[in-house]
Amino acid sequence: MKKLGIFLVFMLVFVSNAQGQQTHHSFDAGEWFKFRIHYGMFTASYATLEVKEDQHNGMPVHHIIGRGQSSGFLSIFFKVDDNYESYVDKNEVKPYRFIRKINEGGYTKDVEINFDHEKGQAFVEDKKHKTKETFATKDNVQDMMSAFYYLRNAIDASTLKKGEETVVDMFFDKENYKFKLRFLGRETIKTKMGRIQCLKFRPFVQADRIFKEEESLTVWVSDDANHMPVKIRAEILVGSIEADLDAFKGLKHPFKVLVDN
């Protein structure tokens, strides 16, 4: 799973096996997040996530759009322009269509995946190489974008136990993957908005030329009905990269920041 890119690395860490029945919705159309991705004090890029109302084959869906772009000094030497989109069912949060169009320092991809959940198939069109292929998928499969929103809906903070592990089936780049996530507990972290009570998770990824080891990623989401992404840290071979929530709007549920006495 090489060439994930800065933006996709930080999307990846939200995956879990929330395979159960959806009990509530943590998001709705109009929600928008902005993240600052940085290496120490050096800002590498900004990424945004947005949910819009849309239609897919005449059916109302949530259109999820993720964009990441390099900024400042980095953009002079290594330009990043990543675009990810997912069209998902409003109730079950299952993907119908996934788009990945990226340019990372000259490395480009232009891929569209359409899912047929009844047949258990993914139709992959590589527009750059002008190829079309069909692959078998797992039940309840998610794409890279929809998995994050699926998790937010399915997570039940009241039953989470420290050390609990979960897995989700995902289809990406012509392959089926299983990603595991471990709940590490609750933690209050400082942000530019103030102190936020969070749920802390450890995703497991394959150690390779990017990550130090299997347990190199940590993610914090708000401990409320929004399950809003607040902070992500990735330990790499030469330090760590962090993504911090920089701005947001359109939350479905009330959100609070702790005030020091």
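Residues with a relative accessible area under 20% are treated as buried, those over 50% as exposed, and those in between as partly exposed. In this predicted model, phenylalanine 255, at 22% relative accessibility, therefore counts as partly exposed, and phenylalanine 248, at 27%, falls into the partly exposed class as well. The rings of phenylalanine 248 and phenylalanine 255 form an edge-to-face aromatic pair, with 5.2 Å from centre to centre and 80 degrees between the planes.

A search of the whole structure returns 8 aromatic pairs. Among them is the pair of phenylalanine 115 and phenylalanine 171, whose ring centres are 6.3 Å apart and whose planes stand at 90 degrees, so that the arrangement is edge-to-face. Because phenylalanine 115 belongs to strand 6 (residues 107-116) and phenylalanine 171 to strand 9, this contact ties together parts that are 56 residues apart in sequence. Phenylalanine 115 is buried at 9% relative accessibility, and phenylalanine 171 is buried with a relative accessible area of 1%. Ring pairs also link Phe27, Phe148 and Tyr149 into a cluster.

Strand 9 (residues 165-172), which contributes phenylalanine 171, is mostly covered, with 6 of its 8 residues buried. Strand 9 runs antiparallel to strand 10 (residues 175-191), to which it is joined by 8 bridges, and valine 168 stands opposite phenylalanine 179 of strand 10. The hairpin formed by strand 9 and strand 10 has 2 residues between the strands, and aspartate 173 in this hairpin adopts a positive phi near 55 degrees.

Charged side chains are placed over aromatic rings in two further cases: lysine 34 lies over the face of tyrosine 46, at 4.7 Å from the ring centre, and the charged end of lysine 249 sits over the ring of tryptophan 32, 5.4 Å from its centre.

The count of salt bridges comes to 16. In one of these, lysine 192 is joined to aspartate 246, with the closest N and O atoms 3.4 Å apart; since lysine 192 lies in the loop between strand 10 and strand 11 (194-204) and aspartate 246 in strand 14 (residues 239-249), the pair ties together parts that are 54 residues apart in sequence. Lysine 192 is exposed, with a relative accessible area of 60%, whereas aspartate 246 is buried at 19%. Lysine 231 forms a salt bridge with aspartate 244, the closest N and O atoms being separated by 2.8 Å, and both residues are buried. For glutamate 242 and arginine 233, the corresponding separation in their salt bridge is 2.9 Å. Lys231, Arg233, Glu242 and Asp244 are linked in a network of salt bridges.

How values were computed:
Residues numbered from 1 in each chain as written. Predicted model: local features only at pLDDT ≥ 70, side-chain atom pairs only at ≥ 80, totals over all residues. Heavy atoms only, no water. Buried < 20%, exposed > 50% of the residue type's maximum accessible area, 1.4 Å probe, protein only. Helix = DSSP H or I, 4+ residues; strand = E, 2+ residues; numbered from the N terminus. Pairing = 2+ DSSP bridges. Phe/Tyr/Trp six-rings, centres within 6.5 Å; stacked < 30°, edge-to-face > 60°. Lys NZ or Arg CZ within 6 Å of the ring centre and 35° of its normal. Salt bridge = Lys/Arg side-chain N within 4 Å of Asp/Glu carboxyl O.
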